[in-house]
Amino acid sequence: MAFASTASAAGVGACLITKTDTNPFFVKMKEGATAKAKELGVDLKTYAGKIDGDSESQVAAIESCIADGAKGILITASDTKGIVPTVKKARDAGLLVIALDTPLDPIDAADATFATDNLEAGKLIGAWAAATLGDKAKDAKIGFLDLTPSQPTVDVLRDQGFMMGYGIDVKDPNKIGDEDDPRIVGHDVTNGNEEGGRKAMENLLQKDNTINVIHTINEPAAVGAYQALKAVGLEKQVLIVSVDGGCPGVKSVTEGVIGATSQQYPLQMAALGIEAIAAFAKDGTKPKPTEGKNFFDTGVNLVTDKPANGVKSIDTKEGLAKCWG
């Protein structure tokens, strides 16, 4: 899908605002936006939070984009509710605002969302974990390594999607932590990085060292969890699943650190976002969602070398051919 012709965007200003500029997912997103902006002649400025969860820096970035006269903003919001008033200010000023990867809360607070179907990504790894365990799934001890205490939409969708895929009653699907399934040991937050994953895993092990399934918000958190498990000799008893599909993450699947991961495509999200801003600047056209969904779905594949019955997947060879970072 393309939104703009090459000749239509010279002089158009656009902003890319990511959660951080160190996570490989956002590095690849920036790479995709930069390449497409160069191709179309778009003047792209990029901003990022200091850490995952740093909403103040993102608010300041939006203010700068408005002041600079940009035509559009691509944003992966750290605080999907808290950022909404500032996003409204940008839209009121005539900018096109597209949420990348992480939907705002509510989703229509942005003009459009280009994202992985994060609920489906969660369902895939949940279904895979349940199918892989077979009869043992009903007696599993499950831990959740989530993102941040503010429960951004991407965190909720993956967490709740995992439960749906696994066969757990999620209660309120818009909230993490209200479930009463006895198989759930607990939830902890990781800030989406290795150190956070390690600490969160240590915390859950203190609650129950018989945990044998771990859902992780992303692959850096999964690697941190594995390090914590390995430090106490428990790495072989736990099935770790994740979401991202970055090249290091897919290699972790190859090495058996992660059992399966749902692969998403950040470069495409950002490139399409730049095209959409260029098209909007040209004639006011706004992007439309994928039919039957309230966002533009950029695709997801489950990557594993241990396929499970009834769960569609690709192997790590194909995953490495499609990976990023």
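Colleague: Why are both cysteine 247 and cysteine 323 called buried?

Modeller: A residue is buried under 20% relative accessible area, exposed over 50% and partly exposed in between (1.4 Å probe, protein chains only), and both cysteine 247 and cysteine 323 belong to the buried class. The model is predicted, so local features need pLDDT of at least 70 and side-chain atom pairs count only at pLDDT 80 or more, whereas totals for chains, interfaces and linings use all residues. Residues are numbered from 1 along each chain as its sequence is written, and side-chain values use heavy atoms, with hydrogens and water left out.

Colleague: What makes the pair of cysteine 247 and cysteine 323 a disulfide?

Modeller: The term asks for two cysteine sulfur atoms within 2.5 Å, and the sulfur atoms of cysteine 247 and cysteine 323 are 2.0 Å apart, so the pair meets the criterion. The link is right-handed, with 90° about the S-S bond. Cysteine 247 lies in helix 8 (residues 247–254) and cysteine 323 in the segment after helix 10 (316–322), so parts that are 76 residues apart in sequence are tied together. Helices here are DSSP runs of H or I with at least four residues, and strands are runs of E with at least two, numbered from the N terminus.

Colleague: How many disulfides does a search of the whole structure find, and what pattern do they follow?

Modeller: The search finds two, and with bonded cysteines counted along the chain the pattern is 1-2, 3-4. Cysteine 15 and cysteine 65 also form a disulfide, with 2.3 Å between their sulfur atoms.

Colleague: Why is the disulfide of cysteine 15 and cysteine 65 called left-handed?

Modeller: The torsion about its S-S bond is about -125°, and the disulfide is therefore left-handed. This pair links distant parts of the chain, from cysteine 15 in strand 1 (residues 13–18) to cysteine 65 in helix 2 (residues 55–68), 50 residues apart. Cysteine 15 and cysteine 65 are buried as well.

Colleague: Why is glutamate 63 called partly exposed, and why does threonine 76 count as buried?

Modeller: Glutamate 63, in helix 2, has a relative accessible area of 31%, which places this residue in the partly exposed class. Threonine 76, in the loop between strand 3 (72–75) and helix 3 (84–92), has 0% relative accessibility and so counts as buried.

Colleague: What does each of them touch, for glutamate 63 and for threonine 76?

Modeller: Contact means heavy atoms within 4.5 Å. Leaving out residues up to four places away in sequence, glutamate 63 touches Thr86 and Lys89, and the C-alpha atoms of glutamate 63 and lysine 89 are separated by 8.7 Å. With the corresponding exclusion, the contacts of threonine 76 include Phe26, Met29, Gln58 and Leu100.

Colleague: Which residues touch the most other members of the largest nonpolar core?

Modeller: A nonpolar core is a set of buried Ala, Val, Leu, Ile, Met, Phe, Trp, Tyr and Cys residues joined through side-chain atoms within 4.5 Å. Of the 28 residues in the largest one, Met29, Val42, Ile98, Leu100, Phe114 and Ile274 touch the most other members. Helix 9 (266–283) is among the elements that each supply at least two residues, and helix 9 gives the most to this core, with eight.

Colleague: What makes strand 7 and strand 12 (301–303) edge strands?

Modeller: Strands pair if DSSP finds at least two bridges between them, and six strands form an open sheet of mixed pairing in the order 7-6-8-9-10-12. Strand 7 and strand 12 each have a single partner strand, so one side of each is left without a neighbour in the sheet.

Colleague: What joins strand 6 (residues 142–146) to strand 7 (residues 184–189)?

Modeller: The two run parallel and are joined by five bridges.
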